[in-house]
Amino acid sequence: SGYYADVCPFQCRKMEVIPNAIDTKEFDTPVDFVYPHGDVHLLYIGRFNVQKGVDLLLNIDLPPHVHLYFAGSDKGGNLCPYVVETCKRKSNFHFLGELKGSKKVGALQKAHAVLFPSRHEPFGIVGLEAMISKTPLITTRTGGISSYVDSDMCLECTENTIAETIDR
């Protein structure tokens with residue numbers, strides 16, 4: 001408005017707001033994405049560091065038909081070399097690299113569950129992306145996650161119960 005143009009120290013411009021920092025239009029149509037292995041596809045997407053609970057995922061044992069996919073930048077966290085090494089050692093662990101745009105949306109939509117075992121999470125946009133993809137979320141509900149994810153929207157786990165929660 002003209003009022004804000006007069007009283008604000010910055011120049012007013014028209015903006016487009018993306019709700020919750022997610023362009024929800026990207027998730028409106030199904031995306032053709034195929035996981036290359038297994039019958040059950042679990043997805044971890046994000047940075048590879050202890051804060052995100054990645055180390056907890058590297059140590060779980062999964063049945064042979066359940067495959068865990070790690071998606072994220074190879075520069076996205078100090079645990080990335082351990083993720084890549086574990087994916088080479090375990091036949092049902094796979095490193096996808098960084099996914100963007102429709103590939104990211106497709107991976108979220110086609111996963112049987114998104115794993116989100118953060119130890120500390122100020123907000124956690126991955127939880128919102130899983131929900132908008134209508135994909136079950138397995139999470140610790142710490143920090144900001146607990147402000148928008150109710151127990152009827154996810155399977156809640158602790159550091160000690162991730163494998164049991166996946167099995168449920």
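In this predicted model, Phe 70 stands opposite Phe 95 in β3. The strands β2 and β3 pair in the parallel sense over 4 bridges. Together with helix α3, β2 and β3 make a right-handed β-α-β unit.

- Helix α3 comprises residues 80-89, and its buried residues are Cys 80, Val 83, Thr 86 and Cys 87. These residues lie on the same side of α3 because they cover an arc of only 125° around the axis.
- The other side of α3 carries the exposed residues Pro 81, Tyr 82, Lys 88 and Arg 89.
- The packing partners of the buried α3 residues are α2 (54-58), β2 (66-71) and β3 (93-97).

**The sheet**

- Six strands form an open sheet with parallel pairing, in the order β3-β2-β1-β4-β5-β6. At its edges are β3 and β6 (155-156), each of which pairs on one side only.
- Strand β5 (residues 137-139) pairs with β6 in the parallel sense over 2 bridges. Thr 139 has Glu 156 in β6 as its bridge partner.

**Helices packed on the sheet**

- Helix α4 (residues 101-110) packs on the sheet, where it touches β1 (40-45) and β4 (113-116). The direction of α4 makes about 130° with that of β1.
- Helix α5 (residues 125-132) also packs on the sheet and touches β1, β4 and β5. The direction of α5 makes about 170° with that of β4.

Technical notes:
Residues numbered from 1 in each chain as written. Predicted model: local features only at pLDDT ≥ 70, side-chain atom pairs only at ≥ 80, totals over all residues. Heavy atoms only, no water. Buried < 20%, exposed > 50% of the residue type's maximum accessible area, 1.4 Å probe, protein only. Arc of directions from axis to C-beta. Contact = heavy atoms within 4.5 Å. Pairing = 2+ DSSP bridges. Right-handed = clockwise from strand over helix to strand, strands pointing away. Axes fitted to C-alpha atoms, helices over the stretch in contact; angles between N-to-C directions.
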